[in-house]
Amino acid sequence: MKYYQILLLMLVGSFTARSQQLTTSPLDSTLLYPKEYGTFENYEFILNGAHIEKDELLNYPEATFGRVFDYSRDPKSKYQGVVYFHTPWYPPSPADQHADDPAYFINNIQVSPYAIRSTVVEEYTAIRRSEQDTLIDGIVYQGSIHVDTDEDFFTSRMTIPEIVKKYTGLPLKNVTVHWRDRYWDPLNSGVIIQDHFPLYYINPKGLLEVKVDRVRFADGERYFVHLVDQGYRYSNLTEKGWETPQKNFVVFFKPRDFDPKAPCYIADFDIAGKDIRNRAQGEPEPSLGEEAYLKKLSAHMGLIAEQPQAETTRDSILVQFIVLHNGAITGLESIGSQKPVHAKFLQAIKQHSCVWTAAWENRRTLYFKRKMVIFYSEDNKGNILSLDGLEYRYDDHLPVS
């Protein structure tokens, strides 16, 4: 059941990604630098569950922002949208869906749950998870997850403080951020961000519009900054446009359940009765290329890139595994004669189990049995010195080494 829940989320994500492809027309830069501020014109104000007029907010010094919904697509609504406020004694708006997540770190830099889900999992080199509660900047997180990655994640992104300063110049202490995409409705209402702004990283190339609404509270004016982002939430900018990194749904669907040493390996997947192919129009392969894949396996196995010259013997290992619809793998095993060193290969393959593309035929993803030979060199003591190449096999015979 867990696998099918993940697959459903991935399919939803893929549809979202298609709607977020890069536009061919240049963005209107005037939309990014608002000269005038709105006041939530024609929006209904709701305080503690009851309708109020805008100027009545001045009578509630403890009122704070809650949520915002757009009703412009509802022909029956007399309002364009609704803004919710609440005071401390009233139940607050529902918590963010990732409010109970662990603390996340990318290359030792803390990030938001949304940032970690926009990373390219195929680029990960290691994942470390701690179950120990962590207190950071006044928030107690239930554990932490540290990701080491080769991805240059931060270079192309800006934090929310940087974005607010660049596009609005407003003081951050008076700002609430509403991060959303252009398709805005009650079912896709966006994310309200009121604190810990530096944890949120956004690619500015995806910004379509920056809008500001000004609201008068008892203690002064506050600003509601809308970031309309083409790459909202989980999307990643590639040469093909904005895409949802699907492997994130495998790894972070339940962030406390996956195995950090085998993040996309599903050990208990039941393949009984499944139509498993051996050939397909599009067959699984490492998404970053075979050379990069071998480098990742080598690094995990502790192989030194530059080895001193020594007499070597060539050997190989034949493995097989099932690549699932979502690119996760299961059923990994070594075929043929077994050697103690083969355990290192299997663990390295599990560690980098997120790299595989899914098999497909006529635009349908398939279950696929991948057989793979990895050639390696070892010294006269049996120590592996290098991984030299890989080939795919479609039979049960060991390769000639």
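This is a predicted model: local features need pLDDT of at least 70, side-chain atom pairs count only at pLDDT 80 or more; totals for chains, interfaces and linings use all residues.
**Exercise 1. Work out which hand the crossing of helix 5 and helix 6 has, and how the two helices lie to each other.**

Residues are numbered from 1 along each chain as its sequence is written, and side-chain values use heavy atoms, leaving out hydrogens and water.

Next, the angle: helix 5 (residues 290-300) packs against helix 6 (residues 342-351) at about 120°, with axes 9 Å apart. The two are therefore oblique to each other (under 35 degrees is roughly parallel, over 145 roughly antiparallel, 65 to 115 roughly perpendicular, the rest oblique).

**Exercise 2. Find which residues of helix 5 meet helix 6.**

Look for contacts, meaning heavy atoms within 4.5 Å. From helix 5 you get Tyr293, Leu297 and His300, and they meet Gln347, Ala348, Ile349 and Gln351 in helix 6. Sort these contact residues and you have 4 nonpolar, 3 polar and no charged.

**Exercise 3. Say in what order the 4 strands form the open sheet, and which strands stand at the edges.**

The order is 2-1-4-3, with mixed pairing (strands pair if DSSP finds at least two bridges between them). Strand 2 (50-52) and strand 3 (64-70) each have a single partner strand, so one side of each has no neighbour in the sheet.

Key
Axes are lines fitted to C-alpha atoms, for helices over the stretch in contact, and angles run from 0 to 180 degrees between N-to-C directions. A crossing is left-handed if the near helix is turned anticlockwise from the far one by less than a right angle, and right-handed if clockwise. Ala, Val, Leu, Ile, Met, Phe, Trp, Tyr, Cys and Pro count as nonpolar, Asp, Glu, Lys and Arg as charged, and the others, Gly among them, as polar.
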